[in-house]
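Dear colleague,

I am writing to hand over a structure for your attention. Please look through it first; my findings follow below.

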Amino acid sequence: VRWRRGEGSSAQLAVQGLATEHSKVHQEKTSSPRVTDFMRAVLNALFAVGAVHRIGLAPASECRRRYSLEPAGASQLQTARGGDGADAGPAATLTRRALLAFLALESASTSPSGSTSANAAEVPGEREISLDMGTLTAVRDPASYSALAYSPRAAASSGKTPLLIVLPGAAQNTAGVWSLADPAGEHMGLAPSLLASGAAPFELARNFAVVTPYPEGKRSFYEEPRTKVLRFIDWVCSEAGREAGCPANIDLSRIFLFGFSDGATVGVELATTGRFAACVFAAYGLTGTLPPRAVELLSTTPLWIFHSEDDVIFPVSCSDRLVAALHAAEAGRGAGNAGDAGVRSAAVSGDGAKDSFEWLRYTRFDEDQEGFTGSVKGHSTGITASKSAEIYRWLLQAPPKEGRKAVG
């Protein structure tokens with residue numbers, strides 16, 4: 001009803017609703033298969049009666065392709081009403097509120113004229129969603145990647161804006177760039193989906209421009225040349241990037257990197273270039289040992305590492321070994337970089353006040369903080385870190401890149 005009355009942004013309200021309900025399902029341990037099946041049945045029922053076409057969304061065939069749906073039949077219509085016609089209980093209540101989110105996401109990927117091109121979101125500057133605190137835009141560098149770019153509204157009056165580059169972990173990566181913003185998708189819980197759903201920490205939504213590249217057709221950035229990723233970042237900060245819809249007025253001395261899983265493993269390699277003011281890496285996955293020179297280069301950048309002891313995909317020993325090597329490099333440097341000693345040895349206070357700064361931080365959880373189980377148990381630290389307001393306060397406290405002492 002609010003959608004039809006034009007009260008607020010339909011896409012924003014719907015995505016926020018989905019995020020809220022998804023969180024409730026997780027907290028209440030609701031049966032995910034049952035909820036998913038019910039949503040699918042209701043969507044199919046809408047397709048069957050033509051409701052999708054009447055409210056001007058993407059064609060049923062395109063929605064079915066994206067969500068692997070089958071044509072709705074009488075049995076599915078009955079299921080959508082609760083099986084025997086009775087109310088379906090909590091799942092029905094959940095679906096009535098969350099259904100709009102699925103439809104709004106489809107609406108967001110169609111053009112204002114009603115065009116339903118599946119590639120609409122891939123056209124630079126063509127697609128964007130207005131959020132409470134900024135805009136989320138699909139952009140594309142013809143020489144590298146498509147991406148979602150977030151520009152905070154506060155940036156218009158606050159001068160230069162810090163830039164956060166987000167490298168997600170491995171996934172199928174065949175659903176298009178807007179899948180990065182899906183709060184129930186394969187990259188859920190990272191910055192793009194938190195921003196799209198209104199669940200991002202205030203410190204992130206207000207203070208940072210955020211760009212998340214999408215490795216279309218690749219399992220992850222681990223399969224990509226590192227120079228290609230760096231060229232993409234250069235493009236984001238270029239005039240061509242700004243014309244394509246990337247954030248304007250980027251503070252080049254405060255470009256930060258966030259990597260999760262494979263994105264963290266690649267991110268550590270990129271951080272050795274010294275291009276970033278600070279980095280956050282969650283579930284780092286290199287099982288070997290970095291060369292001494294790489295550790296030395298890496299140690300010149302502030303790092304915050306996250307891992308969970310029960311991670312069944314990338315063992316916590318990967319991050320343990322990395323952090324131990326960085327501590328050893330710092331100890332070996334001794335008085336050689338005395339000018340950095342005061343900055344490196346200090347600790348961030350609990351309220352985030354900028355009275356001190358810790359160069360290397362390691363958050364090592366005893367168990368999964370998001371309740372993940374089975375084949376992904378423990379592999380959720382990227383979500384936990386992304387939701388933490390403290391990491392964004394820590395990034396803002398990091399010394400700007402300009403003027404920092406280089407490795408000798």
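How many aromatic pairs does the structure hold? This is a predicted model, and it holds 10 aromatic pairs. A pair of aromatic rings is described by the distance of the centres and the angle of the planes. Two of the pairs are set out here in those terms.

One of them is formed by Tyr 145 and Phe 232, whose ring centres are 5.9 Å apart; because their planes stand at 75 degrees, the pair is edge-to-face. Tyr 145 belongs to the loop between β2 (134–140) and β3 (146–152), while Phe 232 belongs to helix α10 (residues 226–236), so this pair ties together parts that are 87 residues apart in sequence. Tyr 145 and Phe 232 are both buried.

The other is formed by Phe 306 and Phe 365. Here the centres of the rings lie 6.4 Å apart and the planes are at 35 degrees, so the pair is tilted. Phe 306 is in strand β8 and Phe 365 in strand β9 (residues 360–365); the pair thus links distant parts of the chain, 59 residues apart. Phe 306 and Phe 365 are buried as well. Both residues also belong to one aromatic cluster, together with Trp 304, Phe 357, Trp 359 and Trp 394.

Arginine side chains were found over aromatic rings. Arg 226 lies over the face of Tyr 222, at 5.0 Å from the ring centre.

I would next draw your attention to the backbone. Most residues other than glycine have a negative phi. Asn 249, although not a glycine, has a positive phi of about 55 degrees. Asn 249 is placed in the loop between α11 (239–244) and β6 (250–260), and it counts as partly exposed because its relative accessibility is 43%. Ser 261 likewise has a positive phi, near 60 degrees. Ser 261 is found in the loop between β6 and α12 (262–271), and with a relative accessibility of 5% it counts as buried.

Finally, which residues form a nonpolar patch on the surface? They are Val 312, Ile 313 and Val 376, which together have about 220 Å² of accessible area. Of these, Val 312 lies in the loop between β8 (303–308) and α14 (317–333). Val 312 is partly exposed, its relative accessible area being 48%.

With kind regards

Methods
Residues are numbered from 1 along each chain as its sequence is written. This is a predicted model: local features need pLDDT of at least 70, side-chain atom pairs count only at pLDDT 80 or more; totals for chains, interfaces and linings use all residues. Side-chain values use heavy atoms; hydrogens and water are left out. Patches are made of residues with over 30% relative accessible area and no salt bridge: like charges are joined within 9 Å, nonpolar side chains (Val, Leu, Ile, Met, Phe, Trp, Tyr) within 5 Å. Accessible areas come from the Shrake-Rupley method with a 1.4 Å probe; for residues, only the protein chains shown count as cover. A salt bridge is a side-chain nitrogen of Lys or Arg within 4 Å of a carboxyl oxygen of Asp or Glu. Helices (H or I, at least four residues) and strands (E, at least two) are DSSP runs, numbered from the N terminus. Buried means under 20% relative accessible area, exposed over 50%, partly exposed in between (1.4 Å probe, protein chains only). Rings of Phe, Tyr and Trp (its six-membered ring) pair if their centres lie within 6.5 Å; planes under 30 degrees apart count as stacked, over 60 as edge-to-face and the rest as tilted. A charge sits over a ring if NZ of Lys or CZ of Arg is within 6 Å of the ring centre and within 35 degrees of the ring normal.
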